[in-house]
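Dear colleague,

I am handing over the structure below, and my notes on it follow. Please read them alongside the coordinates.

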Amino acid sequence: MAEDKSKRDSIEMSMKGCQTNNGFVRNEDILEQTPDPGSSTDNLKHSTRSNLGSQEPDFKGVRPYAGMPKEVLFQFSGQARYRIPREILFWLTVASVLVLIAATIAIIALSPKCLDWWQEGPMYQIYPRSFKDSNKDGNGDLKGIQDKLDYITALNIKTVWITSFYKSSLKDFRYGVEDFREVDPIFGTMEDFENLVAAIHDKGLKLIIDFIPNHTSDKHIWFQLSRTRTGKYTDYYIWHDCTHENGKTIPPNNWLSVYGNSSWHFDEVRNQCYFHQFMKEQPDLNFRNPDVQEEIKEILRFWLTKGVDGFSFDAVKFLLEAKHLRDEIQVNKTQIPDTVTQYSELYHDFTTTQVGMHDIVRSFRQTMDQYSTEPGRYRFMGTEAYAESIDRTVMYYGLPFIQEVDFPFNNYLTMLDTVSGNSVYEVITSWMENMPEGKWPNWMIGGPDSSRLTSRLGNQYVNVMNMLLFTLPGTPITYYGEEIGMGNIVATNLNESYDINTLRSKSPMQWDNSSNAGFSEASHTWLPTNSDYHTVNVDVQKTQPRSALKLYQDLSLLHANELLLNRGWFCHLRNDSHYVVYTRELDGIDRIFIVVLNFGESTLLNLHNMISGLPATMRIRLSTNSADKGSKVDTSGIFLDKGEGLIFEHNTKNLLHRQTAFRDRCFVSNRACYSSVLNILYTSC
C-alpha cells in the first residue's frame, strides 16, 4: 500500500511539473528547463504516459486547484453541489430568452401600426411660380424653394407638396404638359430639381409632386405623332370622325369641356376630331390603350427613381369616357340643345368616373408599391377628386383588401363661401361617416384652384380655421401663405391669358416689406403682390407674439407632440349656427382636449352643461388670442368673440367615446391605447 501511494504521488508531481499552467502562477519551486532529447527527464515523460495509460489514477480526496487537468475537473463537475447550480443557471437563461421572445412578439402583435410620414405631420402645398424667385426673372423657381426650406421646417412641416413644374406652355397654369420628363425652364433645370430633392431629404422632409395623367399639351411629341397616324401613337388620343365644313365643326355628340363649349376639336392634319375635357390645347389621352397606361407608369418610375416620395394625381375621374359616345343628359330637359354650352348644364355620366377608372388608379398604386419595399421609403399616393360628392370621393380609398390611394384630398372646407358652426360640422361628419373604416382623413382650407381663406371668409377666420385644421384627426394640409393670412390679389390687368378668378390665389409669397414683398428682386413679377404685404408678411409676424404665424407654429407643435391630436378619438359634442365643440381623447391618457371654435357672432357658451363632471373652471391650453393662453375660465359662461377658438385641457378618466350617449358621435382612424407604465401604444383596449 505504501509503495502504491508513493507511486501515485510521484505521478501527480510529474504531471504538475510538466503541464502548462494556463495563466495561473507557476510553483516557484519548479524551475523551467528545456529538457535534452534523450535525457532522463524525457524518459520520465514516456514512463509517466505509459503508466497513466495502463492504470487510471485515483483522484479521490484531491481538492480542486487552479490549472487542474480535465480528469480532475470531471470528477468535481459531476457532483450535485456543482451540477445543480449550473443546470439552474442554464434553464433560467433559456426561460429568460423565451420570455423576451414572447414579449417581443406580443408587443409587435398588440402594437398599432406606426404612423407613416404622410400621417405624422402637416403637408405644405407650394405653387412654385409664386413662392420665391432666385434668379431675378420675376418667376418663382425650384432654387427659390430650396432657399426657403429653413422656413418650412420652422413651421414643423413634414411634407412639401409642389404643384406641376413640368415643361409646359402653361396653358391652364400647369396642366398642358409638353414633356413629363423635363423641368420647365421657368422653374430651373433637372439638376436644380435633384438638388432640391436632396436638400428636402437632408432636412428630414418628404416631397410629393403633382402628376396629370389625363391629358398632355397639343405640343407633346405623342400628339404630334398621333395626328400623323405614326405607329403605335395613332391611338394614343381619342379621335373620332366629325363633320367640318366652312370652318364649322359638327361634333360626334354633345359632350362639353369643363371650360364650356364642345369637348371635340377638329384637327386639319388628321382630318378628325380629338377629345379634350379641358382646353383644346390639352387633348385627352386614350387610357383604353394599354400602351398609354404603360407610358404613364414609365413616367412614374422616372420620377420615383429621382427620389420623389409620392404623387398627387390630378383629374383622375376624367381618365375614361364611355365608348358608345351617346349624348349626355341635360340638367334642364326643356332647354334647347343648341344652347347647352356650359359644363354645369349636363349630367356627366359618360365622361367621368367610368367603369375601369378605379382599376387604372390601382395599377398606378401597384407601380408605386414596387418602390415602397425599402424601410422608411414608402411612396405616397393621393388623388384630387375635382368637385365630386363626398361619398364618391372616398371611393378612391379603395376596398377593404384592395388598396387604392392613401387618401383623396379633402378640399370640402375650401368650398365654404360662408361659414358657421353647422356648415363646418356638416363637412367634418360627412367625411368621417363616409370614410372607410381604418382609413386616414385629411383636411385643407386653401389651394391653388380656390379663393384664399381671408378673401372667401374674412381676416377674422384665419386663426380659427387653422386651429380647426390642426385639431381634427388626420393630416393637415396648408397652401402656402395661409399660415400668415394672405388674401387674393385684386388687380384686374394681370397680363396673362388665363381666367383671372383662378389667378387671384396665386400671388407671390409675402416674405417681408421690401420691394415685391421679398419674393423677387426683379423689376416686374409675373403677378403683382398683394397691397397688404407691408403688414401681412413673414418677417413682421415672426416678431409679433399674437400673429397668425406664431399661432400656426404653436398649433403645429402641439399637433406633433400630443398623442391626443395625432392618434386620438374625435367626439362631437355640440354645434349651432355659431360654434362647434368637440373633444380629442385617447384610452390610457387621463386627460382630454376640449376644442371650442366660434364661426358666428359673439356668443356666450355654457360648457359645463355639455359635459358631466366638468369643473367650475378650466385651463386654456391654446387660444387664438395668445393673451388667454394658460388662463382659467368659468366653464358655465365662456364668452367667445367672432372667429375665436379655444383648446381646453381637462383631467378626467371618464372618456366620452366609452359612453353610450356619445358612441355614434365619436370617430377614430387607427384605434390605439396608451400604457403609461410601459410608455407604449397597443391595440387591445
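Ala517 is buried, with a relative accessible area of 0%, where buried means under 20% relative accessible area, exposed over 50%, and partly exposed in between, for a 1.4 Å probe and protein chains only. This is a predicted model, in which local features need pLDDT of at least 70 and side-chain atom pairs count only at pLDDT 80 or more, while totals for chains, interfaces and linings use all residues. Residues are numbered from 1 along each chain as its sequence is written, and side-chain values use heavy atoms, with hydrogens and water left out.

Ala517 has a positive phi of about 60° although it is not a glycine, and it lies in the loop between α16 (500–503) and α17 (538–542); helices here are DSSP runs of H or I with at least four residues, and strands are runs of E with at least two, numbered from the N terminus. Asn156, also not a glycine, has a positive phi of about 65° and sits in the loop between α7 (149–154) and β2 (159–162). Asn156 is partly exposed, with a relative accessible area of 24%.

Turning to the helix pair, α10 (residues 290–305) and α11 (residues 357–369) pack at an angle of about 35° with their axes 10 Å apart, the axes being lines fitted to C-alpha atoms over the stretch in contact and the angles running from 0 to 180 degrees between N-to-C directions. In this pairing, Gln293, Ile296, Lys297, Leu300, Arg301 and Leu304 of α10 meet Ile360, Ser363, Phe364, Thr367 and Met368 of α11, with contact meaning heavy atoms within 4.5 Å.

Helix α11 has 13 residues and reaches 19 Å from its first C-alpha to its last, close to the 18 Å expected at 1.5 Å a residue, the expected span being 1.5 Å times one less than the number of residues. It is mostly covered, since ten of the 13 residues of α11 are buried, among them His358, Val361, Arg362 and Arg365. The buried residues of α11 pack against α10, β11 (310–313), β12 (380–383) and β14 (402–403).

Finally, an unreviewed UniProt entry annotates residues 88–110 as "transmembrane region"; UniProt positions are given in the numbering used here, feature names are shortened, and annotations may be inferred rather than shown by experiment. In the model, residues 88–110 are 100% helix and 0% strand, and the end C-alpha atoms of this span lie 32 Å apart.

With best regards
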